[in-house]
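Subject: Structure handover

Hello,

Here is the structure for you to look over. My notes follow below it.

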Amino acid sequence: MSEARAEWHPDANTTLYGILGHPVRHSLSPAMHNAAFRQQDINAVYLAFDVTDLRDALKGVKALHIKGLSVTIPHKEEIIAHLDHIDPVASRIGAVNTVVNRQGILHGYNTDWIGAVAALEEVTTLQGKKALVLGAGGSARAVCMGLREKHCAIHIANRTRERAERLASECGASWSGLDGVEGLEADILINTTSVGMSPNEDAIPVHPDVLSHVETVMDLVYSPAETRLLREARTRDIAVVSGLRMLLHQAAAQFELWTGRSAPADLMEQALQNGLSQKA
Ligand code: NAP
């Protein structure tokens with residue numbers, strides 16, 4: 001594994017990158033991207049910007065020549081109206097988590113779906129599998145896009161049934177409420193709801209019995225790194241995928257969009273783990 005280089009100081013030529021969100025002080029993205037910049041000898045720094053007024057923030061991005069952005073809750077959908085160009089896939093998902101500033105033109109992309117697929121493919125194949133997606137929010141849209149690319153059959157289950165129905169009709173899936181999944185046959189279960197997120201670590205989005213016929217479980221929640229859903233799956237000898245793997249892969253895809261270089265994924269993972277242990 002390659003080491004981050006120690007001697008680097010920002011100077012008059014340092015390029016700025018950052019994450020826009022609210023709140024954002026918990027973000028692990030600065031740790032990952034700054035480690036990658038140092039390791040690749042790129043004179044750049046990545047900061048966290050706690051932003052509520054997107055329009056003003058993006059004027060600042062152009063005025064200050066900030067070269068790239070990550071975008072997180074609650075701005076992923078709203079930002080689309082403020083960008084100059086949206087990648088067709090991001091447009092279909094309806095959410096942008098990455099911005100590239102090319103000579104003052106802001107281009108929006110979505111790397112969440114790439115991260116979800118890459119994380120799942122570390123433990124299973126996707127082609128033609130049956131997937132049960134819990135949730136119908138922004139990240140569910142990205143996950144469903146990735147699953148469709150892999151020709152999976154999708155069932156969407158959400159607390160608010162109307163949202164499940166809407167997303168299902170957009171991606172050719174079946175749907176139900178969260179209470180309608182018992183007995184449903186699926187190879188892969190993916191939790192895209194925020195249920196189980198710290199501090200509600202004992203919460204689980206569906207009854208553990210739903211796991212009985214599933215081969216693989218992924219939870220997008222990454223704080224805690226192992227949610228109750230993943231613990232229940234592990235005790236049943238089911239392959240598990242932590243949200244941290246998706247977080248890492250979506251960040252690696254962002255780095256590649258910004259720099260045109262392969263991301264040092266091992267080093268970014270190490271930075272992610274260090275960032276997590278400092279927060280613990
Ligand atoms: P979102 O658009 O706000 O959607 C939230 C989803 O969670 C909705 O489906 C919502 O259902 C459901 N939900 C919330 N509270 C619930 C409850 N008490 N019971 C049942 N369902 C509930 O949020 P998002 O952007 O999709 O993010 C969702 C989660 O994914 C967050 O924890 C986020 O941190 C995580 N995430 C992780 C990654 C990663 O890289 N690992 C990437 C993106 C997001 P309703 O429609 O009924 O409100």
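Start with Pro23, which lies in the loop between strand 1 (15-21) and helix 1 (29-39). Helices (H or I, at least four residues) and strands (E, at least two) are DSSP runs, numbered from the N terminus. The peptide bond from His22 to Pro23 is cis, with omega near 0 degrees.

Some ground rules. This is a predicted model, where local features need pLDDT of at least 70, side-chain atom pairs count only at pLDDT 80 or more, and totals for chains, interfaces and linings use all residues. Residues are numbered from 1 along each chain as its sequence is written, and side-chain values use heavy atoms, with hydrogens and water left out.

Back to the backbone. A cis peptide bond also links Ser198 to Pro199, with omega near 10 degrees. Pro199 sits in the loop between strand 10 (188-191) and strand 11 (216-219). His65 is not a glycine, yet has a positive phi of about 60 degrees. Look for His65 in the loop between helix 2 (54-63) and strand 3 (68-71). Most residues other than glycine have a negative phi, and most peptide bonds are trans.

Now the ligand. The space it takes is the largest pocket. A pocket here is an open set of points on a 1 Å grid over the protein atoms alone, where a 1.4 Å probe fits, with protein on both sides within 12 Å along at least five of seven lines. A molecule sits in one if more than half of its atoms lie within 2 Å of its grid points.

There are 24 residues around the ligand (a heavy atom within 4 Å). Gly138, Ser139, Asn158, Thr160 and Arg163 come nearest. By class, the shell has 10 nonpolar, 10 polar and 4 charged residues. Helix 8 gives the most, with 3 residues.

- Arg159: a side-chain N or O atom is 3.0 Å from a ligand oxygen.
- Ser194: a polar backbone atom is 3.5 Å from a ligand oxygen.
- Gly243: a backbone N or O atom lies 2.9 Å from a ligand nitrogen.

Best wishes

Conventions:
Polar contact = N/O pair within 3.5 Å; in protein donor to acceptor, adjacent residues only side chain to side chain. 1 Å grid on protein atoms, 1.4 Å probe; cavity = no way out; pocket = protein on both sides within 12 Å on 5 of 7 lines; lining within 4 Å. Nonpolar A, V, L, I, M, F, W, Y, C, P; charged D, E, K, R; others polar.
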